[in-house]
Amino acid sequence: MNKFSHYFVDDSTKEHKNFQFTFDYKNKHYIINSQDGVFSKKEVDAGSLFLVDCVIKENISGDGLDLGCGYGIITLLLASNLNVKMWACDINERAVNLTKLNLKCNKIDANVSVSNVADNIDKDNFDFVISNPPIRAGNTILFKFFQDSYKKLRLGGVFYAVLRKKQGADTYMKKISEIFGNCDIVDKHKGFVVVKSIK
């Protein structure tokens with residue numbers, strides 16, 4: 001188990017209970033496979049869904065990177081509702097395998113890999129980077145999410161993230177602004193804040 005494992009359960013020696021649920025979004029039907037030890041294992045996370053809603057309203061296009069993809073819901077919904085080509089990564093190998101399975105089950109193509117934030121992503125110059133970052137992982141990891149997003153974007157590319165007011169959104173917005181030179185609120189809803197920054 002690696003040094004970042006404190007923010008997810010990833011004991012490969014144990015059997016993990018599998019889950020499957022269905023999800024409807026914008027008149028499309030999705031099959032979602034999940035498992036013990038991944039984030040929001042039995043339903044689509046409200047923060048991720050709010051983030052997707054906001055980004056779809058922005059009508060973005062081009063190449064996108066989903067940092068900390070979990071079982072792939074953000075990648076799945078963006079790839080099937082926008083003119084985008086998606087890359088996705090997560091440090092949790094089981095999450096990556098679930099993302100690949102969910103893309104296959106829903107007939108969506110994307111590039112998926114195991115990576116400590118963006119360390120193993122060879123591609124640069126993304127048009128956008130999107131993330132529902134692991135807030136409970138602590139500032140060191142969160143700040144790496146923001147810094148890696150900046151590095152991976154092309155000039156003029158956009159970073160989107162969903163944060164929670166009660167979990168330090170103001171602090172993280174300040175850090176994002178330090179890195180990008182800007183950080184604007186796209187929308188707020190039930191304690192969630194979606195922010196965007198342009199490189």
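Predicted model: local features only at pLDDT ≥ 70, side-chain atom pairs only at ≥ 80, totals over all residues.
Residues are numbered from 1 along each chain as its sequence is written, local features need pLDDT of at least 70, side-chain atom pairs count only at pLDDT 80 or more, and totals for chains, interfaces and linings use all residues. Side-chain values use heavy atoms, with hydrogens and water left out.

Let's start with the sheet. It is open and mixed, with 7 strands in the order β5-β4-β3-β6-β7-β9-β8. (Strands are DSSP runs of E, at least two residues, and helices are runs of H or I, at least four, numbered from the N terminus; two strands pair if DSSP finds at least two bridges between them.) At the edges sit β5 (111–114) and β8 (184–189), each pairing on one side only.

Now pick out β3 (residues 62–67) and β4 (residues 84–90), which pair in the parallel sense over 6 bridges. One of the bridges joins G62 to V84 in β4.

What packs on the sheet here? Helix α2 (residues 73–81) does, touching β3, β4 and β6 (126–131), where contact means heavy atoms within 4.5 Å. The direction of α2 makes about 175 degrees with that of β4; axes are lines fitted to C-alpha atoms, for helices over the stretch in contact, and angles run from 0 to 180 degrees between N-to-C directions.

Next to look at is helix α1 (residues 46–58), whose axis comes within 10 Å of that of α2, crossing at roughly 25 degrees. That makes the two helices roughly parallel (angles under 35 degrees count as such). On the α1 side, S48, L49, L51, V52, V55 and I56 meet I73, I74, L77, L78 and N81 of α2.

Note on methods
Parallel < 35°, antiparallel > 145°, perpendicular 65-115°, else oblique.
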